[in-house]
Amino acid sequence: MLLALNYFIALNKDYLAVHQAKEVLYWQNYMGLGGEDIAQKSSAAETVYKRFIAQSHRLTELRDLITQLESEPATAERDELLHGLQGWYRFFDCNAIEEPDTQVLLDNIIAAESDIYQRRKALTLTHLNTAGERVPASLGELLTNQGTNENAECRYSSHLALRELEQWLLHNGLPELISLRNRFARKLGYRNYFDYKVNKTEQMTPEQLFAILDRFEEQTREANLRSLQQLAEEKGPETLEPWNIRFASGGDVTRELDPYFPFAESLDRWINSFKRLHIGFRGAQMNLDLLVRKGKYENGFMHGPVPPFVDQGKWIPARINFTSLAKPDQVGSGASGLNTLFHEGGHAAHFSNIVQNSPCFSQEFPPTSMAYAETQSMFCDSLLDDADWLKRYAKNSAGESVPDALIQESIQARQPMRAFNDRHILLVPYFEWQLYQWDDAQCTPEAMTQLARDIELKILGVSGSPRPTLAIPHLLSMESACSYQGYLLALMAVEQTRAFFLKRDGYLTDNPAIGPDLAEHYWRPGNSVSHDETLRSLTGEGFNPDYLAKVCNQTVEEAWREAQKTIELAAIRPQPTADFDLNVTLRVVDGDEQLADNLQGDEAMCRTFANAINTRLKSV
């Protein structure tokens, strides 16, 4: 047993070293920090990490140690060690590479992705802002402008920029990257890279996946088409153009709600909402980089340089980095920035609360299911649309809550598009599954563009997606490519989870039972159990996609009646004091500049952050 224990302790230590080195440089690179050679350093550290997790000899060594331990008398210590070694076996079984030429292919993929990313950072996209001025714009600014700008020409300029990005990617390495990924997957015995990723990240075949996705597509098809027809009849057929549909279905409401979502107050609202939910972080250290900035990655994400675990009886807390892309002076940016705080904060809570004896259970890559990981973050951000949350937290500068009439108006704008918005996630797996089945000769920029437009028309029912498929950043990284379906599987689990809490407790906002229940049933085991097992543990029911379809198919009247009930119940339910200890050390930064921290308390941090944001707004 001593041999196995020493091996296990050394493996935990060695993995943590390469993981942390990779993540520190990843953060600097993707935040646009660290000097001219940061891309090369990050790529080199990524290669070291990938080679470590690809060590095929580990499987033989772990099998031998597991067999040896299984022959020994059962004790608490033996069973705990066996659990850890079995976790490592699943980890290496997911990632091991036996052939040297396959390892070379992996190195080539890492280099190709790094090259595209660095050249993409130098590409400047522009559009017409609310003043009609042509200005540089990040991906988030393009999407927000398209959804909120009252001028159709300005919205169109944002859409053209997104289409320009698609073409740039198609002529700057994306087809070659797809070819490399397919060759890599086939070396490992899979049909293509999509087949490889779905098996690795969700432990299912593409056929099993599409049995679920096809069912959802069929269940929501009629609701989607009905909402589009209604929008065209009420506001004109031009509203169904890709650059108009987001604004036509929500632009006015987004503007009306904007005063109730000042970005300066977003940190305070996130902190206090999580406190009342009793969502803690078990001593984690967290860096939050929340503002848009040139050279910074154009998508929110959370990564953990230190995955938490119990190291021979000693708790090693998580170190977490997460980012958003708020532009506080842009209409809609406060709401989207707050959404990212709840989403990435949900990820952070999840990956801070995994209590196992090895970092293999608490790192965010396979065998950790993407659907499992996204369930936690999407559950948290789902609260922001709840009428009782809006009444309690969304307030304007005079301290006034959102009027009921505006909440109803928001539901009237949002609910008809619920099926459209969730089907938007379907675009990516349908597109990638077809694309990765093509041979290299088929993957021309023209053919790939046409495939994207064809899938968009089939799934959305309009001539193009408001967020053109090939402009989605997830396609560019091998970690997130062919994984987008995880978001939809997570949404299905989110609605299942929400339904459980609503049935048991009657409410979600400020429910102090939610944090402990999520921590115990969803977070504590990490990837030592399946996504389905976590759902059964809490809800008593296995994965069921029908809850999401039911929500998508609700009428506006049904959704508003439910919202009214939550408002009425919240009015008679006292709001608890936000005095729960989050047990976290927080730093809010903008690149190298620190904006606030909670060393003097959470309230002081939120006040300092609000002052920093308001000062910047005055200087715009």
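Residues are numbered from 1 along each chain as its sequence is written, and side-chain values use heavy atoms, with hydrogens and water left out. Because the model is predicted, local features need pLDDT of at least 70 and side-chain atom pairs count only at pLDDT 80 or more, while totals for chains, interfaces and linings use all residues.

Helices and strands are DSSP runs numbered from the N terminus (helices H or I, at least four residues; strands E, at least two). Helix α8 comprises the 14 residues 174-187. The expected span of a helix is 1.5 Å times one less than its number of residues; for α8 this gives 20 Å, and the end C-alpha atoms are 20 Å apart, which agrees. Of the 14 residues in α8, 10 are buried, where buried means under 20% relative accessible area, exposed over 50% and partly exposed in between, with a 1.4 Å probe and protein chains only. The buried set includes L174, P175, L177 and I178, as well as F184 and A185. These buried residues pack against α5 (100-121), α7 (152-170), α9 (193-202), α17 (418-435) and α18 (445-460), contact being defined as heavy atoms within 4.5 Å. Just after α8, G189 takes a positive phi of about 95°.

An open sheet is formed by 5 strands in the order β4-β7-β3-β8-β9, with mixed pairing; two strands pair if DSSP finds at least two bridges between them. Strands β4 (301-306) and β9 (593-597) stand at the edges, each with a single partner strand, so one side of each has no neighbour in the sheet. The twist averages 25° from one strand to the next. Strands β4 and β7 are antiparallel over 4 bridges, and V306 has R319 of β7 as its bridge partner. Helix α24 (residues 602-619) lies across β3 (284-291), β8 (584-590) and β9, and runs at about 140° to β9. Axes are lines fitted to C-alpha atoms, for helices over the stretch in contact, and angles run from 0 to 180 degrees between N-to-C directions.

Within this sheet, V589 is placed in strand β8 and counts as buried at 5% relative accessibility. Beyond its neighbours within four places in sequence, V589 is in contact with L288, D289, L290, Q594 and L595. Residue G332 lies in the loop between β7 (319-326) and α13 (333-352).

Helices α2 (residues 38-53) and α4 (residues 76-95) pack at about 115°, with axes 8 Å apart. That makes α2 roughly perpendicular to α4; angles under 35 degrees count as roughly parallel, over 145 as roughly antiparallel, 65 to 115 as roughly perpendicular and the rest as oblique. In this pair, Y49, F52 and I53 of α2 meet F91, F92 and N95 of α4.

The axes of α14 (residues 370-382) and α20 (residues 514-523) come within 12 Å and cross at roughly 175°, which makes the two helices roughly antiparallel. Y372, T375, Q376 and F379 of α14 make the contact with I514, L518, Y522 and W523 of α20.
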